[in-house]
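Q: Please take me through this model, and tell me what each term rests on.

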Amino acid sequence: MSQSEAPSPEGGSSFARSPAMLAFGGVGVCALIWGTTWYAITFQLGAVDPVISVVLRFGIASALLALIVKATGGRLALTRGQHLAALGQGLFSFAISYAFVYASEEKIASAVVAVIFAALAFLNLILFRVASGQKAASAAWLGAGLGVVGVGVLSAGEVLGAGLGVHAVAGVSFAVIAVVASAFGNWFAWRGQQAGSQVLPSTAWAMAYGTGTLAL
């Protein structure tokens, strides 16, 4: 047995506790939770207008997050700058983006919407480069670019397979709008973090702002 494979004093493998494995595990959990949400959204479609579904979803989520923050001794209060960032995040991520996500899933398969969202990585790189001057590594641009190519191929297949029908074109268009809105929402979330916002309180406020916008 090599030194790297030797059991740790606690009885577990040191390899299992390594930063690389923790990173893989974190990515796996995020992929499982975020990936399945596209299918879960379909359970909310059909009975009411999709905007009402989004209002219910994020209204409940915002209240639960606020309760968690208070129960754990956190502070919900934000500064003016943090509130403005949360407002931008809520408007783009939880209002515009998800309203169009739900509308798109009424017209095209949820798997296609999920694939289109792969373009979010590329849009994030562009937006953060233009708006904040952040430079990403060449490998990041290459990976994001390949994602966009894949999105184009699969989206074209969905549209062409539907005979360029109005529903398919509208569904793909709605999904693209949702991706662009999400990129701006991510930028506002980053602005909030730069202003010192904590993740849970700022997300609770952002969801509340998004819910309020859609309710109006």
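A: Let's start with contact, which means heavy atoms within 4.5 Å. Leaving out residues up to four places away in sequence, Asn124 touches Ala183 and Asn186. Keep in mind that this is a predicted model: local features need pLDDT of at least 70, side-chain atom pairs count only at pLDDT 80 or more, and totals for chains, interfaces and linings use all residues. Residues are numbered from 1 along each chain as its sequence is written, and side-chain values use heavy atoms, with hydrogens and water left out.

Q: Where does Asn124 sit, and how many residues separate Asn124 from Ser182 in sequence?
A: Asn124 is in helix 5. Asn124 and Ser182 are 58 residues apart in sequence, with 8.8 Å from C-alpha to C-alpha.

Q: How many helices and strands does the protein chain have?
A: Eight helices and zero strands. Helices are DSSP runs of H or I with at least four residues, strands are runs of E with at least two, and both are numbered from the N terminus. The order of the elements is α-α-α-α-α-α-α-α. Of the contacts with a separation of 6 or more, 80% join residues 24 or more positions apart.

Q: What class does Gly152 get, and why?
A: Its relative accessible area is 39%, so Gly152 is partly exposed. Gly152 lies in helix 6 (residues 138–161), and its C-alpha is 9.2 Å from that of Ala119, 33 residues away along the chain.

Q: What makes the span of helix 1 close to the expected one?
A: The expected span is 1.5 Å times one less than the number of residues. Helix 1 has 23 residues and reaches 33 Å from first C-alpha to last, close to the expected 33 Å. Its buried residues are Thr37, Trp38 and Ile41, and these pack against helix 2 (50–71), helix 3 and helix 4 (110–116).

Q: What makes a space a pocket, and what lines the largest pocket?
A: On a 1 Å grid over the protein atoms alone, a pocket is an open set of points where a 1.4 Å probe fits, with protein on both sides within 12 Å along at least five of seven lines; lining residues have an atom within 4 Å of a point. Volume is the space filled by probe spheres set on the points, which are joined across faces, edges and corners. The largest pocket holds about 440 Å³. It has 17 lining residues, with Trp34, Thr37, Arg57, Phe94 and Tyr98 nearest its centre. Helix 1 (19–41), helix 3 (80–105), helix 5 (120–132) and helix 7 (166–194) each give two or more residues to that lining.

Q: What is the volume of the second largest pocket, and which residues line it?
A: About 180 Å³. Its lining includes Gln82, Ala86, Gln89, Phe188 and Ser202.

Conventions
Buried means under 20% relative accessible area, exposed over 50%, partly exposed in between (1.4 Å probe, protein chains only).
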